[in-house]
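Let's take a walk through this structure together. Keep the sequence at hand as you read.

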Amino acid sequence: MELLILFLPLIASIISGFFGRYIGDRNSEILTSVLVSISAILSIFVLYQVIVNQFEENIVIATWINSGSLNVNWSMLIDPLSAVMLVVVTSVSALVHIYSIGYMSHDPHKPRFMAYLSLFTFAMLMLVTSDNFVQLFFGWEGVGLCSYFLIGFWFKKESANAAAIKAFIVNRVGDFGFALGIFLIFYLFGTVNYSEVFQEIVAIQDKNLLFLGLEIKAIDLICFLLFIGAMGKSAQILLHTWLPDAMEGPTPVSALIHAATMVTAGVFLVVRCSPIYEYSPLILNLVTIIGMSTAFFAASVALVQTDIKKIIAYSTCSQLGYMFFAAGVGAYNVAMFHLFTHAFFKALLFLGSGSVIHAFKDEQNINKMGGVWKNLPYTYTFMIIGTLALTGFPLLSGFYSKDAIIEFAYLKGNTTGYYAAGIGIFTAFLTAIYSWRLIFKTFHGEYNNKEIKIEETHESPLVMLLPLFLLSIGAIFSGFLFKELFIGYTSGYNFWGNSIKFLEPLSSEHPPLWFLLLTPCLVLISIPIAYYLFVKNKELPNSISSINKPLYNFLVNKWYFDELYEIIFIKSSKKLGLFLWKFCDGTIIDGFGPDGISSFIKRCSLKANKFQSGFIYQYAFIMLLGFSALLTYLIIK
Amino acid sequence: MNFPILTSLILLPTIGALFLFFTKDKSESNLTAKYVALFTTVVNFLISIYLWISFDQSTSSFQFIEDRAWIDGFINYKVGIDGISILFIILTTFITPLCIISVNNSVKNRLRDFLIAILIMESFMIGVFCALDLVVFYLFFEAGLIPMFLIIGIWGGSKRVYSAFKFFLYTLLGSVLMLVAIISIYWITGTTDVVKLYELGIDVKYQNLLWLAFFSSFAVKTPMWPVHTWLPDAHVEAPTAGSVLLAAILLKMAGYGFIRFSLGLFPIASDVFTPLIYTLSVIAIIFTSLIALMQEDMKKLIAYSSVAHMGFVTLGIFTLQQQGIEGSIIQMISHGLVSAALFLTVGVIYDRMHSRLISTYGGLVSVIPKYSILFMLFALASLGLPGTSGFVGEFLILMGAFKDNFLVAVMASIGVILGAAYILWLYKRVVFGKLINEDLKKILDLNKSEYFILSCLAAPILFFGFYPDPLINTIEVSVTDLINMNTTNLASK
């Protein structure tokens with residue numbers, strides 16, 4: 001049964017991809033949605049088994065690579081961690097499949113789209129259920145590939161193609177670190193299976209390595225290299241540039257891949273490797289710092305963007321930062337909890353924005369929307385729910401998970417912890433502002449679109465609203481219901497078992513009351529602030545931005561990361577390539593090599609040619625010259 | 001002695017070629033000529049598969065040995081195979097029939113002579129991979145150049161003469177030194193029999209020079225940086241089938257030579273020169289990947305990518321790690337399939353549009369979807385996506401390299417990033433985007449034979465990506481023994 005979860009999406013993908021033309025658009029849509037939904041139901045059942053019966057299993061499907069001491073299997077590992085991921089992946093995927101039937105109804109390539117979605121689901125499941133690092137890497141690259149296909153799904157758009165390649169290459173940079181991490185693990189442990197590596201970890205915890213001339217603790221290096229991979233996939237600062245561009249893909253893709261599942265793979269990796277990370281306080285601090293920098297950076301950029309999807313994309317980036325700094329302060333379970341709740345409310349927000357875009361006939365600029373909340377009542381409600389959950393409004397899911405992150409950072413009790421908590425609170429405030437800005441600009445105020453009349457905006461069909469409804473249930477209740485299970489520290493029952501390792505048990509104290517109330521208060525007062533800024537007094541934001549023009553430009557241009565990378569990496573490698581080709585290969589190697597030799601010989605033979613003049617007196621003169629030289633030599637000798 | 005199965009493998013294509021030679025060259029008999037050539041090579045493929053099945057994987061000693069006196073007391077015609085050679089033989093017999101099917105449109109005149117050249121070349125290539133005598137190896141190794149030289153020089157593009165001579169000049173330079181080395185080995189040890197030489201060993205004081213002489217030949221053929229500049233020119237001018245044979249099989253002779261002779265005969269010198277190989281390999285991987293990024297000609301781009309991929313191969317061989325050498329062999333097989341497939345895919349659109357320039361194309365996916373899917377698969381295999389054979393090879397090589405030298409592994413891994421960049425960018429510019437060129441709208445999708453050839457290549461690429469066991473099991477024992485032999489030799493130094 002467990003294998004069905006894994007292979008149903010693959011079967012769906014193959015049928016829809018290769019035979020979609022024969023079975024028809026509608027059938028392939030239904031088929032993929034049904035198979036993935038079955039997979040989702042089975043996953044929920046497995047999670048139930050794990051919760052109730054502490055069910056764990058490690059299935060070996062087949063051997064993959066067996067070379068010398070390296071043994072890699074195709075396998076499926078079910079433990080609390082992978083069971084949670086299974087539910088997140090398959091349930092969001094199933095809803096997105098269903099939603100896509102409505103959203104893609106005007107697209108000519110439906111079977112191909114559904115096949116990619118299912119293939120993605122399969123690759124993601126391979127990633128989360130692996131019992132070794134190499135299969136994890138297979139899933140890791142597999143989801144990257146599907147993401148590449150889906151971002152570039154509208155292949156006629158030049159920008160979509162560029163974004164797709166960018167996503168793949170930036171991820172490859174991360175994978176470069178990840179692969180080196182795997183090599184190092186194999187070098188140190190002689191195996192790539194989680195269980196064996198995690199058992200041996202204590203034995204090498206004091207080992208030092210000479211790496212590129214530096215003496216480094218082996219564990220720090222492993223953690224660092226793996227974290228580079230995680231940064232790439234989870235779009236953390238420095239390697240984040242692909243995620244906003246990835247919004248070129250269809251909106252259901254953004255919801256599934258670039259919000260709920262694939263981008264959380266980096267967080268999953270760090271949590272999965274908690275038995276290693278626990279021994280590397282240095283890199284855990286790095287994880288915290290990168291996490292909080294990303295959280296703050298992305299939130300600041302989200303404040304000024306005008307594309308509805310890009311705002312949500314930066315929001316995702318920011319929330320992933322929260323997850324990382326939770327993991328960095330050692331609260332892996334809280335990171336997983338936020339991953340879990342985030343999947344619901346962020347998918348909800350993306351699908352909701354898809355519904356808005358649908359209503360405005362593919363308009364994504366929030367300055368060209370406004371005042372339509374009466375026309376889109378359901379979408380409006382769902383978006384409000386998503387926003388409340390995201391901002392951490394009391395009793396909704398984000399409230400439990402995000403506040404828990406800030407609390408644990410505070411309870412960590414060291415400098416990084418306090419600092420992270422402070423940044424976390426401030427970012428939560430920014431989050432609330434930009435989220436409400438999105439809502440107010442999209443649904444309230446005057447109607448600003450000149451191309452479509454307000455009467456023409458319409459509510460989406462039921463097939464799109466149903467997934468929104470189900471996700472909003474998740475966004476409301478998933479925090480409240482699963483809080484005790486995921487991060488409960490009162491009951492003594494540890495849901496995560498051996499899948500997450502805590503070297504020291506997490507602090508079970510409570511932070512002071514004022515601290516607990518701070519974030520919810522900020523979140524609450526941000527609503528009227530945002531309302532005032534973006535509905536009541538619209539001149540104010542404009543005047544603020546015109547006063548602080550440099551800062552505003554800095555934010556609008558996303559801190560100039562893209563421009564910087566363009567100069568440092570892209571232009572320079574193109575120039576270097578051209579130089580190596582034209583100058584090194586052309587002028588030097590060919591010039592002195594084959595071309596040089598042949599032209600040299602040609603010149604010599606041309607010179608030698610001239611001696612064969614055919615004039616007797618010249619020959620006689622040369623003979624005389626030679627004879628006298630010989631004579632001279634003999635006399636001197 | 002049993003039935004001489006290896007000799008028949010070597011001779012069968014030549015017999016087919018002779019048969020063609022004595023048929024009349026009428027225009028309508030072209031098709032017959034093709035059938036004859038196809039029949040011969042398919043039979044050869046089946047024989048080699050039989051060979052693989054009856055091959056004993058549990059021993060590293062040579063099997064199916066034939067030993068006949070040729071020049072008494074001096075050279076024996078000795079052939080035999082172990083786990084490493086058999087894979088290359090199968091690669092040769094597998095690629096050749098596909099090449100013959102593919103020559104439909106690309107070769108307009110003198111098709112019969114073209115087929116004769118291909119058949120003769122198959123004979124020589126198989127000879128290279130099973131020769132167990134240095135002189136016999138040398139003869140096959142060098143003779144293999146002649147058909148290739150002719151294929152480029154007669155059926156090539158506009159700059160064919162320049163390319164053919166460049167190709168010849170480079171390879172000749174290396175070969176002469178190797179010949180000298182072989183003669184000196186005979187003087188030193190009194191034999192050119194590889195098996196005997198493995199047992200005898202060669203005196204340490206001669207090893208360095210001899211190693212360098214062999215290296216100069218193999219480095220040109222691999223090709224390693226900086227003696228690689230003949231390859232892009234040769235590929236660009238060669239007809240599609242020629243490029244396929246060149247990339248898929250000819251380049252593998254050198255990698256095979258490194259394993260069989262450089263490591264096998266000169267273990268101590270190999271150890272001494274490992275840093276040299278590492279440096280050149282890393283340079284090849286990074287430099288040629290960057291160069292590939294900037295190419296405007298599709299064939300040149302793939303040619304440069306071949307140099308980079310072969311850089312991984314040489315890197316892996318000299319790690320002297322189980323994973324490294326096995327990875328190298330798998331990478332060679334995989335590159336044989338993938339580069340053949342990529343040259344064929346370029347050939348397909350070249351036949352239709354008569355342009356190799358990337359800028360001619362764009363937006364192909366909306367007119368020729370089948371083609372685009374297969375092209376994507378090969379591009380992914382080339383960039384080493386897990387699930388394709390390219391990944392298994394590259395990953396094992398880097399794993400082996402990492403065990404031996406961190407820095408080298410880190411630098412070589414950068415090549416993996418660049419590898420994704422150039423091939424995806426190529427694909428984007430050719431297949432995706434808007435269809436601007438009006439002529440492209442009439443372009444036809446793959447015909448049956450093209451579809452068949454490309455599927456034949458796609459199947460093993462995927463199969464060995466998910467299940468490389470058949471390959472690894474075949475070479476495992478031979479590689480282990482080779483490493484053991486080398487480590488004992490090094491220890492006794």
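A residue is called buried under 20% relative accessible area, exposed over 50%, and partly exposed in between (1.4 Å probe, protein chains only). This is a predicted model, where local features need pLDDT of at least 70 and side-chain atom pairs count only at pLDDT 80 or more, while totals for chains, interfaces and linings use all residues. Residues are numbered from 1 along each chain as its sequence is written, chains are lettered from A and ligands numbered from 1 in the order in which they are written, and side-chain values use heavy atoms, leaving out hydrogens and water.

Start inside chain A. Both A:Glu141 and A:Arg172 are buried, and their side chains form a salt bridge (2.7 Å, N to O). That term stands for a side-chain nitrogen of Lys or Arg within 4 Å of a carboxyl oxygen of Asp or Glu. Because A:Glu141 sits in helix α5 and A:Arg172 in helix α6 of chain A, the pair ties together parts 31 residues apart in sequence. Helices here are DSSP runs (H or I, at least four residues), numbered from the N terminus.

Now look across to chain B. There, 49 residues of chain A are in contact with 58 residues of chain B, contact being heavy atoms within 4.5 Å. One salt bridge is counted between these chains: A:Glu158 meets B:Lys428 (3.1 Å, N to O). A:Glu158 lies in helix α6 of chain A and B:Lys428 in helix α17 (residues 406-431) of chain B, so this pair joins two chains. A:Glu158 is partly exposed, at 46% relative accessibility, whereas B:Lys428 is buried, at 13%.
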